[in-house]
Amino acid sequence: MTGYVLRRAALSVGVFVVMAVLTYLGVAALPGDACTALLGRFATTEKLAQCRADNGLDAPVLQQLGDWVAGLLRGDLGYSVKRGAPVGELMAPRIRNAMLLAGVASLLAFPAAIAVGLATGRREQSKVSRTVDTAALVAMTLPEFVTASVLWLVLSVWLPILPAVTVVSSDDSIIDLLPNVWLPAITLAVLVFAHVMRSMRASVSATSRRPFADAARLRGVAEATVVRRHILPAALPPTVNVVAVTAAWLLTGTFVVEVVFNYPGLGRLAVDAIADRDTDLIVALTLLGLAVYITASFLADAVIRLLDPRVRAGVGRS
Amino acid sequence: MSGPAIEVEGLTIAPCGAGVGGAVLRDIGLRVEAGTRLGVVGESGSGKSTLLRAMVGNCGRGLEVVAGSARTAGHDLFALPDGDRRALLGTAVALVPQSVGLSLTPHLTVEAQFRDVGMGDRTSELLDEVGLRGESMRSRYPHELSGGEQQRVLLALGLARDPGVLLLDEPTSALDVGVADGILRLLEQTQERRGLTLVVVSHDLGVIERVATRVVVTRSGAIVEDESLEQLMRSPRHPYTRALLDAAPSLGQRHARRGNEGDSIASTEQVVRADALTVVRTSAEGGRARRASWRSTTALDGVTIEIRRGEILGVIGESGSGKSTLLKTMCGVLTPASGTLAMSDGANLATPLRKRPSHLLRRIQMVMQNPDDSLNPAHTVRRILQAGTSHDDDASAALLAAVHLERSLLDRRPGSLSGGEKQRVAIARALARDPEVLLLDEITSALDVTVQAAVIATLVELHERLGTTMVFVSHDLAVVSSIADRIAVLRNGRLLEVADTARLLEHPGDEYTASLLALARR
Amino acid sequence: MAAVLIVGAALAGCGGGDSGTKGVLRVAYFAASGAETMDPYDGNRFWPTINMVFDRLIGVDKDFTPIPELATTWEPNADLTEWTITLRDEVTFHDGSTFDSADAVYSIDRMIDPEFDSPVRAVLGIITKAEAIDPLTVKLTLASGEADLPVLLADYRALMTPEGSQDTVGTNPIGTGPFKMEKLDAQGTTVLVANEQYFFGAPKVARIEMPNIADAAAATQALSAGQVDLMLTIDAKSEALFGDSSKFTVQRITSGDWNAIDFRVDQKPYDDPKVRKALRIAADRQALTDLVLGPGGGVPACDTPVWSGDPYRWDGDCPQDIEGAKQLLAEAGYPDGIDIEIFTSDVEEHMVELVEAYQEQVKAAGIRVTLTMTDASAYWDNVWMLEPAFVDSWGQRPAAQVLNEVFRSTATWNPTGLADPELDAMLDDARSTLDAAQRTEKYRAVQEYLFENTASFVPYHKTLVRAMSANVKGLEPVVIDAVRWEKIEVG
Amino acid sequence: MSTVDPVDPVDPVDPVDPVDPVDDIDARATAPRRRRRWLSVGAAVVAGHVLLALFVPLLPLQAPTAQDATAVLQGSSGAHWLGTDDLGRDVLSRTLWGGRPSIGIAFGAVLLAALLGVLIGAAAALAGGWLDDVLMRVNDVLLALPSLLVLMLMASFVGRQPVVLTLTLAVMYAPPIARLVRGATLGVLGRDFVVAARLRGAGSGEIVVREVLPNIRGVVITEVAMQFSWILLAFSSLSFLGLGTTPPTPEWGLMVAGARTYITINALPLVAPMVMLASLVLAVNSLIDRSALGEPS
């Protein structure tokens, strides 16, 4: 087990380092830089040169990369030219907000999705189950901006019970931010619920058909026990993976929803950073996305190992 | 309890909405007296498992009761509310389902599974009763148990709450003969000790013979015979029963078209020789090493054996003995770790498959155990037979004729063929290359008994006509001894002995062989 | 014009007054860049917050008549090259220090510092020297006579900052204005609190909160949901969203903001004046204005940058002339029409829609337009003034300024590259004309000349639409330069 | 594991119980009618969209870019059945045209992604060893990157030309296909008919083309269709964020973005493209979902 964890961790770190370098070089290779974006129409040749010199953008790319990696090793993520602040400082409140949004959306979506998936998966062919599934399919296939627009129209225009957009600062207290989280969180939760619920439903339905579930019933194990102890742990692993992937997405992939609701999370920061050619910020955000995904799938694997003794023993498929 | 333990009347079960026309069980009537032992025998698809399930009021997913009733332990099961019916399971009647390896919940320890039927604290005791060391077994997970142990655990779980009726579906089908024997003995003992009503379903008449006093034969969803065991063995009434009895091979009975080994056509000329052949396998799919499960096993350990031109060499052993490894090494799927393996003209068979020149590939062909797996479901029979050859349809048709199949099969795909037909196509494919040595790996074990007999007959006929050297691998000593000129016995990767069939049957050279013989004679 | 402009000291008795129940004004700030600074002379100045914190020497009323702000009187010499300005007495900065002539000189020096190169320098570059005569008197020396200096000083960026504040003003602004900065967070919510000591009287709201709302649709959502009280500009087409007058007030303010499609005269085919004129007359300006800005969203222009509220404005007549355009194209050697590519970007509102609408209109004249979208962040650097044809956007400027800043051959920002000595001569002549009526005539002649020759297609000046919730009172329908923040109250 | 009875390593017994969907009597017995109905509705909608995208120029519609300054943001009328948008353009026409960019790019991207995915997946499965490891690690990383972020980066920095977007989408959406193909190929490679093919002398290329691909066709097609719908969504999200299609080209995501502000004035320009986009994605998904595009059995 320890060996496995170490190997996985080493591999993840390796992948991460390679990607960090590639991302940095990739973004640096793209045309435009922070100074052109910062100076806008006031850019003169001299001012550009000055700005680039001030921010070390005139050095050879490899040297910039070296400096950046050295900084990274010290825990310094770089400096945002456009925003005139260290990247870490810019990201910190955004990460908190992203976690709040992802957390609320997760709480709204995951437990309900697993419960509903479990309930409907056991009776796959029933009318209710099929209706729920179809509704989830619809919810899953609607683009976020569509879901967002509809929810906005209903919840803050027709029945004005929720604030339409966030109008507090990114570093305001969580209490101030909380009322603003609901609309984006509900939008995300609808999508995530649909994905997880359908995965759970399919998995439960497949598991309930497996011989051991049948065998347990035939030997008189109570139905509730069959579901809770026999079907649920066996049905969870595929869903755990889906949960991990969607949780990672909730933290770092919510660009559209954040723009629509003006939510000060990582998604909007990324959209702005790209528009501003804010190299260090873009790279940091990309790497954060990568790290979150790697961590999430790592955790998912760990949970699956807990659920399934065979995977633990290395008998199962890796 | 007196009177019938099980009473089935006019029971007809069909897929939901399909009506009587598509019934899987039609108009079944059956009484089983308390404390007796009933065997149900029939081939796959005959409805025997559905019948067993009906006895616990569970007709299976997607099926419905069209007519009739089933009473077990005095309850009209299909009329009971779900909850009441479930309450009877495990207490009045228990069913141990088929597919041993899949019937224990993989993520729960043995003890946890006992806990779920309310017997957690008696786990050790109950396991002891089925011949397991309960103390050491109870904290294990199912994947840490062997097949035999799993079946015993399932049995103990079924018996845990002391039901009067025990139903078993194919209790031994996936087990080695020795292990199966142990289970059957355990069943007999338990039945006697507890005075159980026992119903055992099997495709294997041999198993039924061991455990039942009365036998029901099912075919196409109907009961065609219902007799005491003695009566049935002595004078089967239904032609199907007769066919079943005839088809079941028994030890020492030579195949009708095989002479005694004395007048065998086999020469003493070697075709293939293995010397101190050792094969190490890493357990993984298709021989591909995958990090998650690197486990090395010595599958063949210093095996020296020769294969003579024109003979049928039988290879016998239980699972893990290395018999399939021997075949796969000969055809190049596996490569030896040490030792030599060569044809008599010097062609080196230690060459892996991908590096073998095509003339060498042609000389050794193999027919594999499961035709569902060995025939590409996406291809037509024509493509299967003609790929890699220059055959035209006529040549293919001739091959099909040789295995008693119609030319019209050329355009069909494996999915639309029966199991026997598929295995014949697989044999025809091997023959299409006109091999010197034909390797046959458990080719009948996936087939029903009657089909098995017909395939063996075809094989013998081909051997007679073509004189091809054959290596016939099987776990079934009766089948092997009925056709083989010589028999090799493998155990745990070692070759215990090779001898002429008759000699081996009469004077086994090894204790293990003797025990196999004893088991086969029961 | 040699008149002495003296305006009496303004209402000083309004101080104190109501308190305690003052409200909070929430103003939506649209699309922060993250580069905002409170340095009013910086290109990335935090609009419109600087006007809440700082004051100018001279303000304007809604007719653009100069009115006293930090200056009480201003007085030119005879040839309009020297101006003496008297400062308001007893004005203090938010930190309690006194505002005097040193601060004024310091501020003006920074505005005209060629090294710093503030955008304000384009307006006030005519000032060559500022000197403190005594603590309350400043003398400004100009490079040449300028009758409209008070108007130029009323530029909304010509604000007074404390002496020596260059390095701190960006993040820690200390002004004399009606509001003090409490929390500066352009990308989040910026908070200002009332300056109770304000010399025009204490503001009528206790706080101003300015949440940044990145997305235009989100910002209108916020106003309709009552999450903000005021949007200083909305898209004219959204006006109907706020049609319920019991809940919202909508103001339309004619302004001098304009868009243009510029054609580089140093690139084919735009080197040919006939082609340029054809491209300009093929469009229906009224329809274009209505489409891009919404009905009534702007005032059509005949390629003049001078807006309708400017006394020097020339109101020509320039209807769509498809036949004329075709003929001009034919004469220029394009009898079968012409293919052109126009670069644009969503760097500012209306810049894409303008091309979309133009593209449709000029089809009839055989002008086939390809619209090329480019990235917003590099637009001003890589596209503007470089590509053969591109969209331009300018804020309101007085006639003299805009004509010199954008159209003179020597201007840094002459986007079309048109260098016309005749035009330059006309501009010089107009500028130094002392008689107002004559000067007006000359400026109008410049604009008429432009219509015949220019390479800038200027279809309209925008009418700003401002929307606020109905309980916002005291905000006059005037451009930002004339807004008196201290008079706004929230009921 | 020490006390486990000798298990023949040759036995291809999968330690994780295989779930055999084909043996689900239930699905076979009860679902076909319903499934066929779903299938036909889904197929009809998809076919309708594709036909529309191909032949919309032939329809008697107003030009999707034609503007009417006197009819801005108007509701449904005889002249404009679905009203007009903020530039006075006919919403019906724009909506019907609006699928072309998305479907075209998504189609091109998914074909490329499928090609890449099959090549990489099959190569990794067949080669094994370090090549497999390298390909799959790269694959994992691509899977881990937030795809919309990469798309925004490429669109913003390199340009929003269809070729750039198509290639980026193809690269970002090939990994799941590659992973699936690799897994499925490994599954097939472990089967006896592949051994049989080797015994007849078939080379690796032949094995992939003749033995493997026909057997994984179903799952691959399903996965590709799935990715098609994700690509559609990603592309319209990109357009929605202003980095996809260039105006005035009618495109659903772009139309939604432009119409969102005016939702309470005229909802039609918002609703019409939303319905179209959702119906296409839903139809593709319902096809995947309900059809048994399984292996030939």
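## Two domains of chain C

The centres of domain 2 of chain C and domain 3 of chain C, taken over C-alpha atoms, are separated by 33 Å in this predicted model. Where these domains meet, domain 2 of chain C brings nine residues to the contact and domain 3 of chain C brings seven residues.

Let's look at the domain 2 side of that contact. Helix H3 (121-124) and helix H4 (149-153) of chain C each supply at least two of its residues. By class, this side of domain 2 of chain C holds six nonpolar, two polar and one charged residues. For orientation, chain C is divided into domain 1 (2-32 + 187-247 + 470-490), domain 2 (49-153) and domain 3 (255-463).

## Where chain C meets chain D

Now for the contact between chains. Here 23 residues of chain C touch 20 residues of chain D. On the chain C side, at least two residues each come from helix H5 (216-224), helix H7 (285-293), helix H9 (351-361) and strand S16 (367-373). H9(C) gives the most, with six residues. This side of chain C comprises 11 nonpolar, four polar and eight charged residues.

## The two domains of chain A

Chain A splits into domain 1 (16-76) and domain 2 (88-312), and their C-alpha centres lie 35 Å apart. Domain 1 of chain A puts 12 residues into the contact, and domain 2 of chain A puts in 11 residues.

On the domain 1 side, the elements giving two or more residues are helix H1 (2-29) and helix H2 (34-39) of chain A. H1(A) gives the most, with seven residues. The residues of this side of domain 1 of chain A divide into eight nonpolar, three polar and one charged.

Terms used. Residues are numbered from 1 along each chain as its sequence is written. Chains are lettered from A and ligands numbered from 1 in the order in which they are written. This is a predicted model: local features need pLDDT of at least 70, side-chain atom pairs count only at pLDDT 80 or more; totals for chains, interfaces and linings use all residues. Two residues are in contact if their C-beta atoms, placed from the backbone, lie within 7 Å. Helices (H or I, at least four residues) and strands (E, at least two) are DSSP runs, numbered from the N terminus. Ala, Val, Leu, Ile, Met, Phe, Trp, Tyr, Cys and Pro count as nonpolar, Asp, Glu, Lys and Arg as charged, and the others, Gly among them, as polar. Domain bounds come from an automatic or database domain assignment.
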